[in-house]
Amino acid sequence: FCATLARVMQLQRASIALSRFIASHSHAAASVLSNRSSKRCFSVTPVALDKLQAPKMVYISGEEMTTYCMELVMDKWIKPHVDYSAWEFYDLSCKNRDKTNDKVLKDAVEAGQRIGAIFKEPTVTPTAVQMKQMGLSKPLPSPNGAMRRGWNGITISRDTIHIEGLELGFKNRVIFERHAVGGEYGAGYDTVGAGILNTIFTAKDGSTKVVDSRELQDSTNAIVTYHNPLDNVEDLAHHFFKRCLEHEVTPYVVTKKTVFKWQEPFWEKMKAVFNEHYKQKFLDKGLLDQTTFKLAHLISDAATMQIIRWTGGGFGMAAHNYDGDMLTDEIAQIHRSPGFITSNLVGKAPDGSLIKEFEASHGTVSDMWFAHQAGQETSLNPLGLVEALIGAMQHSVALNNGPQELHDFADNIRAKIHVAFTNGLGTRDLAGPTGLTTEQFVDAVALLLDGTDLAAVKQQYKSEVDKIEEAPTDLSDIDQEAIRQLFDSLDTNKDGNVTFEEFATGLAKLHVAPSKGSKKRMLRISLEDPI
């Protein structure tokens, strides 16, 4: 019984060991040999004679599992097909930022100003513990503030990613614009005692105005001061309404202006731009039928509830910085995870052109990185990362008026990823415990990009799964006494055997029995097991 139960638990784990393999396949001019190790995936890539010439772009590398995954993507998907010698690369790992006294961040911001198309991997803002672990000489701030200021940030666009044939969360697209500046993120603060607090504004001509004055009676008070710049709200409004029209979704502006009166100007500016430039276009498309034929305002409290209810999608929201941060996190969770949400910082260059920085909405995936370093298999879904790379490549094409072939190639990458996901070649977050590892998924999509027939790719990976040899059951870590108690509780008639009826009754009492119907329950032992 112990051996059987251990086998059941083993088969339930998402970390089923899929055997590593060496895949040989043909490129246009030569074969690529892919060598596996538990730490890195290397390849010898031939120089193709017909590579696409990429225009200038900024590539910012980061840390941990996402950087490792993007190394694979660049090596297997981009390098064989694209000459990216015009790209500028900047390493924003903590150690390199510390080594250069953060000059590398300043250089990256300057390059983004100059070039206008930026891809950024997730980075780490080190805690005090991480500072010691990495041997850093001083704390490092998040690079995002410097980037938003340096690129004249207007908005952070976050959209749901959809894969035809897969239900993720929202049925149709949801788009969101988060004001990229102002709010709590740039706040000044202090802790003071009892007394009088005056907030005084001094104009450039030296004149002053008391914004607020209050008496503090508590012995300890947290004082916070911040502001919301409003000059670029019109730019945000134009960007938001154009995208809502493009994707045919109904727009909503979200504030808490009923309580926070200082949020009223944001709404008024958004409404003025809408009424003057866009209202008739939305009416013509029938996109205001559900909002009494006008631009709708949502209180932020109501927005949090409607996001949960409106799972059909087909709406767009624009909000202040902090509200946008929170609400897009909610959207990400409803739409499966942050890996299925885009994140694009949009700024404005002095000549009026748009500076766009594209990144994934998730972080560096530290838990997988630690597992990878320990030699364990991982299964990272690179969709959010690659969507960002695709966006940056296509924006570089737009800024440089071509080449269209590179834009089309980026679209083809997306298409091949979707083909893999919908044909049993996905990572384990979508395909379950028999899904492909991080390295296998990258290799599978590489084969599809090289023109390998889908059926042949499926057969290759099916063969690998079929060849898995289950490891012998190890009972050394099993608590024999606890298992005996479990067995005795299942053996209700105490005859030394557990019948099927006794086993089913026991699982039901433990609340782990699979259920009938659409809401099936699945025994979930590991955090890596699919939900």
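Q: Before we get to linings, what counts as a helix or a strand here?
A: Helices are DSSP runs of H or I with at least four residues, and strands are runs of E with at least two, numbered from the N terminus. The model is a predicted one, and on that basis the protein has 18 helices and 19 strands.

Q: And which of those elements supply at least two residues each to the lining of the largest cavity?
A: Strands β9 (153–159) and β10 (174–179) do, together with helix α10 (321–334). The residues that line the cavity are Arg158, Asp159, Thr160, Val174, Phe176, Thr328, Ile331 and Ile341, and they divide into four nonpolar, two polar and two charged.

Q: What volume does that cavity have?
A: The largest cavity has a volume of about 40 Å³, and the structure holds one cavity of 30 Å³ or more.

Q: Switching to Ser343: where is it found, in terms of strands?
A: Ser343 is found in strand β18, which covers residues 342–348.

Q: Does it count as buried or exposed, and why?
A: Ser343 counts as buried because its relative accessibility is 4%, and the cut-off for buried is under 20%.

Q: What does Ser343 touch, leaving out residues up to four places away in sequence?
A: Ser343 touches Ile156, Ser157 and Arg158, as well as the run Glu357, Phe358, Glu359, Ala360 and Ser361. Ala360 lies 17 residues from Ser343 along the chain, yet their C-alpha atoms are separated by 5.8 Å. Arg158, one of the residues touched by Ser343, is also among those that line the largest cavity.

Q: How far does helix α2 reach from its first C-alpha to its last?
A: Helix α2 (residues 64–78) reaches 20 Å, close to the 21 Å expected. The helix is mostly covered, with 14 of its 15 residues buried.

Q: And over the protein, what share of residues counts as buried?
A: Of its 531 residues, 45% count as buried. The accessible surface comes to about 27000 Å², and carbon and sulfur atoms hold 53% of that. Among contacts between residues at least 6 apart in sequence, 73% join residues at least 24 apart.

Key
Residues numbered from 1 in each chain as written. Predicted model: local features only at pLDDT ≥ 70, side-chain atom pairs only at ≥ 80, totals over all residues. Heavy atoms only, no water. Expected span 1.5 Å × (residues − 1). Buried < 20%, exposed > 50% of the residue type's maximum accessible area, 1.4 Å probe, protein only. 1 Å grid on protein atoms, 1.4 Å probe; cavity = no way out; pocket = protein on both sides within 12 Å on 5 of 7 lines; lining within 4 Å. Points joined across faces, edges and corners; volume = space filled by probe spheres on them. Nonpolar A, V, L, I, M, F, W, Y, C, P; charged D, E, K, R; others polar. Contact = heavy atoms within 4.5 Å. Areas by Shrake-Rupley, 256 points an atom, 1.4 Å probe, with all protein chains shown as cover.
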